[in-house]
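Here is a short report on one protein chain. The sections cover aromatic rings, a helix pair and model confidence.

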Amino acid sequence: QKRWLEATALLNRQGAASREINGSFTYLRVGLLRDQADERALQGKREQAIDLLQQALGMAPDNPWVRYDLAVLLQAIDPLRSQHVIEEGLRLAAQDGDMHYASALYFAKFDDPNAALRSLSRIPGDAMNESIRRLQRRMTIQSAIARASELDNLGQKDAASAALGASQIAAGDDPDFLYSLANAWMSRGESERSLDMMRQALGRSPQGVLPLQLRFASLLNRAQRDEELGKLLQLLSGQQALSEADAQANAANKERALLGGKVSPRQKAELQKAQRAEMAGPNQKAGSSFMATNQKKAGVITLASGLQ
């Protein structure tokens with residue numbers, strides 16, 4: 001606490017020298033407040049973190065990442081106020097691509113893919129990078145899955161199938177996106193279509209096939225295709241690139257699957273644990289690196305990574 005007070009006092013003294021210097025130091029003050037808020041949030045002191053972020057917002061109302069952090073913290077205690085923080089930012093900085101990206105991340109975090117897509121559509125094409133495009137693809141798929149579920153509930157089965165089918169373009173051969181769609185098909189009782197989607201993707205992906213294989217194994221498990229699952233687990237066990245977690249899951253599942261019996265809940269959990277371990281590796285690192293790069297532009301490091 002003492003070091004924060006000393007740093008703030010120093011910035012106040014330096015910033016008082018002139019308007020130009022004061023403006024230059026504003027983002028540093030905001031960064032200090034956000035660092036303090038991050039620390040309080042990690043300590044479970046949500047109200048203190050909110051107070052600090054509100055101070056930061058008063059200094060920089062057009063800072064998208066202050067708004068994102070504050071809105072995320074507010075969501076658990078005051079959802080309407082949380083959304084107001086985001087919507088106010090969009091009104092204040094309607095042409096700011098970073099503000100639209102921050103709002104898209106907020107809507108994505110709280111399961112509103114359509115709102116996220118609206119925000120993403122306002123980002124200029126030359127400002128779209130790979131991470132933003134990936135978020136757009138993910139939201140497109142989530143929106144299609146939600147829409148298909150609504151149509152199924154209305155008895156419009158053909159329209160629901162069309163909605164899911166159209167979103168496969170957004171999925172491409174991305175393992176996570178294909179897995180989401182395949183699960184949606186399986187939830188509709190179309191197991192064979194679900195599995196065929198993954199088989200076709202495996203056929204198109206001779207390189208870097210392990211992530212697809214792990215997700216395919218999970219789907220085979222869900223569909224109780226024990227013979228095919230057993231063969232896949234044997235194949236995975238022989239791969240040198242298989243991680244220790246993957247190998248442990250395969251060993252736990254292999255014998256039962258090869259005997260033709262149903263995979264137990266415990267075995268399923270072990271397989272899913274291996275899948276999560278694989279998914280959490282490079283994807284998380286890439287996301288964290290991208291967010292840090294964007295946040296440096298705002299002079300801070302976000303709460304986003306610590307509160308998701």
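## Aromatic rings

Trp65 and Tyr68 lie about one helical turn apart, because they are three residues apart in helix H4 (residues 64-75). Both residues are buried. The model is predicted.

A search of the whole structure finds four aromatic pairs. Among them is the pair of Trp65 and Tyr68, with ring centres 6.4 Å apart and planes at 70°. Planes over 60 degrees apart count as edge-to-face, so this pair is edge-to-face.

## Helices H8 and H10

Two packed helices are described by the angle between their axes and the distance between the axes. Helix H8 spans residues 130-153, and helix H10 spans residues 175-187. Their axes come within 10 Å and cross at roughly 0°. H8 is therefore roughly parallel to H10.

On the H8 side, the contact involves Arg134, Arg137, Arg138, Ile141 and Ile145. These meet Asp176, Phe177, Ser180, Leu181 and Ala184 in H10. By class, the contact has five nonpolar, four charged and one polar residue.

## Confidence

The protein chain has an average pLDDT of 79, and 69% of the residues score at least 70.

Over residues 252-263, pLDDT stays under 50. The model has 30 contacts beyond four places in sequence for this stretch. Residues 278-308 also stay under 50, with 52 such contacts beyond four places in sequence. Where pLDDT is low, the predicted coordinates should not be read in detail.

Technical notes: Residues numbered from 1 in each chain as written. Predicted model: local features only at pLDDT ≥ 70, side-chain atom pairs only at ≥ 80, totals over all residues. Heavy atoms only, no water. Axes fitted to C-alpha atoms, helices over the stretch in contact; angles between N-to-C directions. Helix = DSSP H or I, 4+ residues; strand = E, 2+ residues; numbered from the N terminus. Parallel < 35°, antiparallel > 145°, perpendicular 65-115°, else oblique. Contact = heavy atoms within 4.5 Å. Nonpolar A, V, L, I, M, F, W, Y, C, P; charged D, E, K, R; others polar. pLDDT = per-residue confidence, 0-100. Phe/Tyr/Trp six-rings, centres within 6.5 Å; stacked < 30°, edge-to-face > 60°. Buried < 20%, exposed > 50% of the residue type's maximum accessible area, 1.4 Å probe, protein only.
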